[in-house]
Amino acid sequence: MASVGEISEGIEVAKSQYGTARQNGFSSSGQANADFDIRAQSLFIEEAQLLGFGKQQAEAHLKILDDHSQLKVVRLREWGDSFRGIIKNLIQQLYNEIRRPVPRRVESMDDNMLIEFVRDFLRERTYILVLDDVWRIDAWEAIKCVLPDCNTASRVVLTTRIADIASASCLGSLGFIYKMEPLSDKESWTLFCNRTFQCNDCPPNLEEVAKKILKKCEGLPLAIVAIGGVLALKDKEKTDEFEMILHGFGGEADGSGKLDRIKRVLLLSYNDLPHYLKSCLLYLSIYPEDYSILVDDILPKWIALGFVEEKIRITSTDIAMSYMKELINRSLIQVKSTSTDGTLDTCGLHDFVREILVSKSKEQDFTTVATKYYTRWPEKVRHLAIRNFTDNPQEFISLKCLRSVVIFGYEDPLTTTFLSKFLCGDPKLLKALDLYGTKLDSIPKQVFKLFHLRYLNLQGTGVKIIPKSIGQLQNLEAINLVGTNVTELPAEILKLRKLRSLLLGGWGDYSNEYAVWGCKCPLGIGKLICLEELCGIEADSDKIVREVGKLTQLRRLDITGLRREDGKELLSSLLRLTNLRELAISCIKEGETLDLQHSVSPKHEFLTHLTLNGRLERVPQWVTSLQSLRTLQLDNSRLREDENVISSLGLLPNLISLSLYRAYEGETLCFEVGGFQKLQRLELGQLTRLKWVRVEEESMPSLRIMRLGDCKLMQELPSGIQNLTRLESLGFYEMSNELMHKVQNLDKRSEDYQTISHIPQVFIGRWIDGQWEWTLL
């Protein structure tokens with residue numbers, strides 16, 4: 001039986017590497033709006049540091065595993081409002097773990113049948129069931145009644161902040177309560193200094209006041225990290241700035257004396273924020289608890305709502321990202337996930353921080369959440385979230401103060417009729433309208449009366465047509481139509497001269513490698529000179545390709561449907577797009593060649609992400625000269641073995657991630673000495689003629705992750721893989737039967753075992769019943 005630490009590591013590795021995998025086994029290519037290598041930030045603290053030091057973790061692990069006589073209960077997140085809701089949620093999560101869909105018959109089961117269903121499921125397995133952050137004893141009682149008592153090797157871990165729940169959960173069992181103790185003085189000082197000064201030492205002039213501040217944190221890691229984030233930004237030469245923070249502590253820090261010690265520290269962190277950061281942070285209280293907030297989602301909202309101050313020669317997106325960075329460095333926003341190259345992908349809020357923000361927002365009528373249980377809101381509220389709201393327009397009141405509306409988790413999908421009635425509340429000052437994932441079939445005409453609207457998100461809706469009245473939204477800065485049924489934009493889109501972000505197109509069936517589709521734009525798209533993002537535009541004529549070259553502010557371009565004859569014109573346009581950070585080019589159909597090898601050679605000093613989808617006669621020379629390139633994905637390139645592909649790409653000095661999918665038609669891939677010095681992730685997929693992969697010494701010295709998939713002629717492990725001393729994870733999926741069998745049945749005495757024995761995580765993946773199943777060996 002693995003240790004809890006090992007199980008936890010395995011789960012996190014699987015989540016990070018496979019949670020967003022495409023059908024072909026490769027991770028999604030979505031990136032943040034700006035470069036932000038969070039791992040390189042000296043002020044960034046891993047979340048694990050909030051959980052105590054190694055000694056306490058080790059003690060908890062031993063307690064969970066040492067006695068096999070009964071189920072153990074240690075510390076749950078609230079799962080539902082009723083017994084049935086809790087159990088159905090449990091069933092859903094159990095089936096998520098085994099990567100299978102929940103059987104349809106579950107919907108028709110009564111309570112007794114649901115209980116037996118869960119018991120039968122668990123009887124067949126040994127498990128550690130973690131119920132996180134329990135706030136109600138009835139939630140635990142609901143779970144307890146479905147647990148079988150026959151499997152004494154299994155464990156139940158229950159977490160809670162409420163001592164009474166911990167005690168009640170152990171009644172009638174041999175369970176135990178593990179209370180996290182405060183850090184010792186030495187541990188507290190070490191964490192404080194690292195957080196505040198980025199080293200183990202404190203400047204002598206600050207030592208006295210620093211120890212007084214630290215004493216008030218009472219050994220609580222969250223409090224230490226939070227206050228350290230405040231102090232890290234202060235002038236270390238000025239003792240009085242630290243003194244001001246010290247005097248800010250106290251029982252009445254919030255004016256009520258009712259906040260506990262952690263909340264007082266976090267409140268101080270909040271109060272220390274400059275005004276421009278307070279609005280950004282407060283707005284996050286509109287998201288549900290534990291919600292993973294996409295950076296690509298929140299930054300444009302901050303901008304649209306006027307939270308981001310404009311500066312000369314700096315884009316609003318870069319300024320917004322700097323705000324995000326500062327809030328992370330202050331430990332007020334948590335990093336949830338990053339992309340392979342370290343750019344921030346999703347973020348979130350710690351529960352304590354969110355509680356304070358919700359409280360502050362309520363005081364200021366800043367944000368309000370409307371649910372089917374709470375259908376009225378303060379008339380002066382500025383930002384409204386609608387979650388599972390009942391379709392009852394009689395409950396709507398004045399919306400005249402609203403600045404933003406966002407929809408979350410409709411049980412009964414929101415309809416065009418509902419939205420029309422809602423907008424009759426006359427929200428004239430609305431700046432941001434987020435309707436992501438709702439089942440609209442058309443855009444209500446009331447939307448086009450929102451003159452101040454700056455952000456409109458229709459991603460994943462059923463909208464088919466953008467009417468000519470879109471031209472009335474003169475202040476619109478961002479519109480997202482990804483995954484809709486919109487295939488063509490009206491000429492009136494050209495009236496939106498403030499537009500910075502235009503996201504179009506989508507993806508079809510992943511079994512079709514040319515399923516990326518775009519949207520036709522009218523001639524004259526080059527008039528939208530403020531555009532920084534243009535994704536999913538279809539190159540249906542050479543005139544459109546030429547127009548793209550006029551958009552000199554573009555930082556992100558994704559163009560689809562390219563024909564061979566468009567290649568030279570596209571390169572001429574790219575010459576003018578000197579601000580590009582991300583570029584994706586897709587050809588019109590299978591067999592079409594991307595003709596990108598001309599004397600015209602764009603030089604993009606800022607380009608960090610490049611995707612080429614289509615046949616290439618050779619790797620374009622200009623690609624091998626991209627000094628800042630960090631992520632390269634070649635799809636369907638079908639490059640010949642004699643083109644020396646790997647050697648040319650191996651010279652890219654800053655390449656961190658390389659994906660080759662149907663990109664190479666040779667039998668051997670050789671990673672030569674000295675190549676790919678910074679590469680951390682390598683993905684090889686559906687290379688149908690590939691038989692051998694060879695890794696020479698001193699090649700890919702930084703590689704951490706390798707994925708091999710659907711290379712059916714490979715029967716041997718990559719030779720020289722033992723040279724990859726930093727390799728942490730090796731994954732195989734849909735390989736030849738011989739290779740899959742060999743990996744699954746490695747004899748510890750065999751040479752193959754010795755070759756990969758240094759790799760902590762080795763995975764096998766299979767596509768079963770419409771989804772991936774991964775097995776950790």
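A residue is called buried here when its relative accessible area is under 20%, exposed when over 50%, and partly exposed in between, with a 1.4 Å probe and protein chains only. The model is predicted, so local features are taken only at pLDDT of at least 70 and side-chain atom pairs only at pLDDT 80 or more, while totals for chains, interfaces and linings use all residues. Residues are numbered from 1 along each chain as its sequence is written, and side-chain values use heavy atoms, with hydrogens and water left out.

By these cut-offs, buried residues account for 52% of the 777 residues in the protein chain. The chain contains 21 helices and 27 strands, these being DSSP runs numbered from the N terminus (H or I, at least four residues, for helices; E, at least two, for strands).

Two packed helices are described by the angle between their axes and the distance between the axes. Axes are lines fitted to C-alpha atoms, for helices over the stretch in contact, and angles run from 0 to 180 degrees between N-to-C directions. Helix 8 (residues 207-217) and helix 9 (residues 221-231) have axes that come within 9 Å and cross at roughly 145 degrees. Their contact (heavy atoms within 4.5 Å) involves I213, L214 and C217 of helix 8, together with A223, I224, I227 and L231 of helix 9.

The axes of helix 13 (residues 295-304) and helix 14 (residues 316-329) also come within 9 Å, crossing at roughly 110 degrees. Helix 13 is therefore roughly perpendicular to helix 14, a term that covers angles of 65 to 115 degrees. On the helix 13 side, V295, I298, L299, W302 and I303 meet residues of helix 14 that include A320, M321, Y323 and L327.

R99, in the loop between helix 3 (83-97) and helix 4 (111-123), has a phi near 55 degrees, a positive value in a residue other than glycine, and R99 is partly exposed at a relative accessible area of 24%. D290, in the loop between helix 12 (275-283) and strand 3 (293-294), has a positive phi near 65 degrees, and its 33% relative accessibility makes D290 partly exposed. K179, in the loop between helix 6 (163-169) and helix 7 (185-197), is instead exposed, with a relative accessible area of 61%.

Note on methods
Angles under 35 degrees count as roughly parallel, over 145 as roughly antiparallel, 65 to 115 as roughly perpendicular and the rest as oblique.
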